[in-house]
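Hi,

Here is the structure I promised to pass on. Have a look at it first, and then read on for what turned up when I went through it.

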Amino acid sequence: MATELSKIRNFSIIAHIDHGKSTLADRLIQRTGGLSEREMSAQVLDNMDIEKERGITIKAQTVRLEWKGHVLNLMDTPGHVDFAYEVSRSLAACEGALLVVDAAQGVEAQTLANVYQSIEHDHEIVPVINKIDLPAAEPEKVRKEIEDVIGLDASGAVLASAKSGIGIEEILDAIVERIPAPRGDATAPLKAMLVDSWYDPYLGVVILVRVIDGTLKKGQQVTFMQAGTQHLVDRVGCFRPKIEQLADLGPGEIGFITAQIKDVAQARVGDTLTDAKRPAAEALPGFKEVQPVVFCGLFPVDANDFEKLRESISKLRLNDASFSFEMETSAALGFGFRCGFLGLLHLEIIQERLTREYDLDLITTAPSVVYEIELTHDGGMIELHNPADMPDPNKIAMISEPWIEATIYVPDEYLGSILKLCQDRRGIQKNLTYVGGRAQVTYELPLNEVVFDFYDRLKSISRGYASFDYHQIGYREGDLVKMSILVNNEPVDALSMIVHRGTAETRGRGMCERLKDLIPRHMFKIPIQAAIGGKVIARETIAALRKDVTAKCYGGDATRKRKLLEKQKEGKKRMREYGSVSIPQEAFIAALRMGDDA
Ligand SMILES: Nc1nc2c(ncn2[C@@H]2O[C@H](COP(=O)(O)OP(=O)(O)OP(=O)(O)O)[C@@H](O)[C@H]2O)c(=O)[nH]1
């Protein structure tokens, strides 16, 4: 039996990374009796290793709680800018949110971005000031900050410590009293929003839904309105957080279904499910196709690992339809894949999982954004995903690059260096305001200048205090050129990149200097050059080694000589041969990181 509408509360938790979202979620589950003390020992909502290590939530999960005769559905949302669309769908499935703010840290940029989204969805927001047990906690200051910065009434903010279990019942009561019940029509044709999907080795693709109207039942034939496909629902249920099967889900309810779907790409976030026999007239608004924005090539260090890489990437893709891949060949790196990601963090997560879970040694080429190129001969437009495919400059009428608007929130003392960083990355300052000793600055920046190491630099300049959030604002024309790197006079395509003409020389010089330190000496002199077209803009030289390694085996002890050569071969495993030059794997990534000067 579906739950009565008036007894349902659907909410999410908005929090900046580390402000205690997962800890609080665990407490709520524990207090409402979902799990025993022992089962609580591991954090429940963040269940992937990498999520745990990095302390961030990547995939949304949801839990059904029972509190004083009400059913509370807690929707967990991903905590990073790369996953903004998934966040927006999770929020659309709720009527309210808990805004968790660390009593010692206060409001941060990411919190702001999510709160505004939540307000746009007309959510009732219940502020929770967490970590009041900390000696550095300043709940009154934070309460005022919530009012001044966000403009929310925080007089009713709940003071809590998720860690010590303070304020948990007050939070549950506040959810029931302040967050409105969902609305919906049980007699209307079925309309349910697909909030999330993931691959489970036992159940196949699991789909998280929020029913808007009508009833979703086991055994029902449903149509996915955006995908245009039909599936038979074979399981309906919810998580408490353990799986519980149900007969149906009524209006306002959140739960999961399975429908013998093999591939998550068929279950796209934001799609509308309806009854195949009695379909709704139109789909729910807000569906968006998520597009990868950052591309790079992934190549196995050992060419024999290519098949293993293909299998591993395919397996990862089973669970994450938001990244794309296609085969790519490179003159120097051999066979690999060109992959697309939602952002740099997404790229790093996938790369880390391939390395760690699938035990692959990989070379990652320079990340690149998607450029739009207008061609001269027929005025046609192409999308450039790989610098190696850049057309001849005289065939190009215009190149455009994606821009973003970034909001950075930073304590006063680091503002100067942050402004310089943005300026160096071709940023255009839009706004600067001060709130309680902290600056909020808005910049327009080319995405290309952000994808490498902007976030790392921002964090290191501000000792971790700055926070950063961005969204794309469209394409703009740019004076962009392809910079090639030549090692021993041969172009290394994995290192070529699209740069702005104005910064090309500095970039080129930095790159050559770093490569000089990263590439080991050889028997001969190695020139390293950065070039645009045929013109060399920077050059360094690696001096030759004086002696042959085997030279000391003078006298010709054949076994010793072979052993030495063998040893050398060992050392080469993690290297790539470029013509006659070996480049260590680490050099590829390290060379891309811009130095402190940039
Ligand atoms: N002292 C204190 N520490 C807390 C409290 N709540 C959470 N923490 C700690 O703060 C850190 C971050 O907590 P999490 O719950 O993992 O943070 P999160 O907001 O879920 O982070 P994401 O999953 O990345 O969004 C952990 O080390 C917690 O133990 C609290 O009330 N008091």
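A word on naming before the details: a helix here is a DSSP run of H or I with at least four residues, a strand is a run of E with at least two, and both are numbered from the N terminus.

The average pLDDT of the chain is 85, and 86% of the residues reach at least 70. For the complex, the predictor reports an ipTM of 0.97 and a pTM of 0.73. The stretch to treat with care is residues 50–60, where pLDDT stays under 50, although the model has 44 contacts there beyond four places in sequence. Where pLDDT is low, the predicted coordinates should not be read in detail.

Now the overall picture. The chain has 598 residues, and 54% of them count as buried. Its secondary structure comes to 14 helices and 34 strands. Among contacts between residues at least 6 apart in sequence, 69% join residues at least 24 apart. The chain exposes about 26200 Å², with carbon and sulfur atoms supplying 49% of that area.

Next, the annotated site. An unreviewed UniProt entry places a "binding site" feature at a set of positions including Asp-18, His-19, Gly-20, Lys-21, Asn-130 and Lys-131. Lys-21 has a relative accessible area of 9%, so it counts as buried. Lys-131 has a value of 22% and is therefore partly exposed, the cut-off for buried being under 20%. Lys-131 sits in the loop between strand S5 (124–130) and helix H5 (139–150). Leaving aside neighbours within four places in sequence, Lys-131 is in contact with Asp-18, His-19 and Gly-20, as well as Asp-102, Ala-103, Ala-137, Ala-160 and Ser-161.

Which residues touch the most other members of the largest nonpolar core? Among its 82 residues, they are Leu-354, Ile-408 and Phe-454. Strand S24 gives the most to this core, with 6 residues. Apart from it lies another core of 26 residues, among them Phe-11, Val-126, Ile-175 and Val-176. Going back to Leu-354, its contacts beyond four places in sequence are Leu-298, Leu-309, Ser-312, Ile-313, Leu-316, Asp-359, Leu-360 and Leu-362.

Phe-454 also turns up in helix H11 (residues 454–461), whose buried residues are Phe-454, Arg-457, Leu-458 and Ile-461. Why do these four lie on the same side of H11? Because they cover an arc of only 100° around the axis. The general rule behind this is that an α-helix has 3.6 residues a turn, so residues three or four places apart point the same way. The cover over the buried residues of H11 includes strands S24 (396–411), S26 (438–446) and S27 (467–477), along with helices H9 (415–424) and H10 (447–450). After H11 comes Arg-463, with a positive phi near 50°.

Helix H3 (residues 84–92) is mostly covered, with 7 of its 9 residues buried. Those buried residues are Tyr-85, Glu-86, Val-87, Ser-88, Arg-89, Ser-90 and Leu-91.

Two further positive phi values may interest you. Lys-68 is not a glycine, yet its phi is positive at about 45°. Lys-68 lies in the loop between strands S2 (62–67) and S3 (70–75), and it is exposed, with a relative accessible area of 57%. Asn-488, also not a glycine, has a positive phi of about 55° and is found in the loop between strands S28 (480–487) and S29 (490–491).

Asp-196 belongs to strand S7 (residues 191–200) and counts as buried at 1% relative accessibility. Asp-196 and Gln-61 are 135 residues apart in sequence, with their C-alpha atoms 8.2 Å apart in space. The other pair is Ala-280 and Lys-191, which are 89 residues apart in sequence and 6.5 Å apart in space, C-alpha to C-alpha. Ala-280 sits in the loop between strands S16 (272–275) and S17 (294–300), and it is buried, with a relative accessible area of 9%. Beyond four places in sequence, Ala-280 touches Pro-189, Leu-190, Lys-191, Met-225 and Thr-274.

Cheers

Notes
Residues numbered from 1 in each chain as written. Predicted model: local features only at pLDDT ≥ 70, side-chain atom pairs only at ≥ 80, totals over all residues. Heavy atoms only, no water. Buried < 20%, exposed > 50% of the residue type's maximum accessible area, 1.4 Å probe, protein only. Arc of directions from axis to C-beta. Contact = heavy atoms within 4.5 Å. pLDDT = per-residue confidence, 0-100. UniProt positions renumbered as here; feature names shortened; annotations may be inferred. Core = buried A, V, L, I, M, F, W, Y, C linked by side-chain atoms within 4.5 Å. Areas by Shrake-Rupley, 256 points an atom, 1.4 Å probe, with all protein chains shown as cover.
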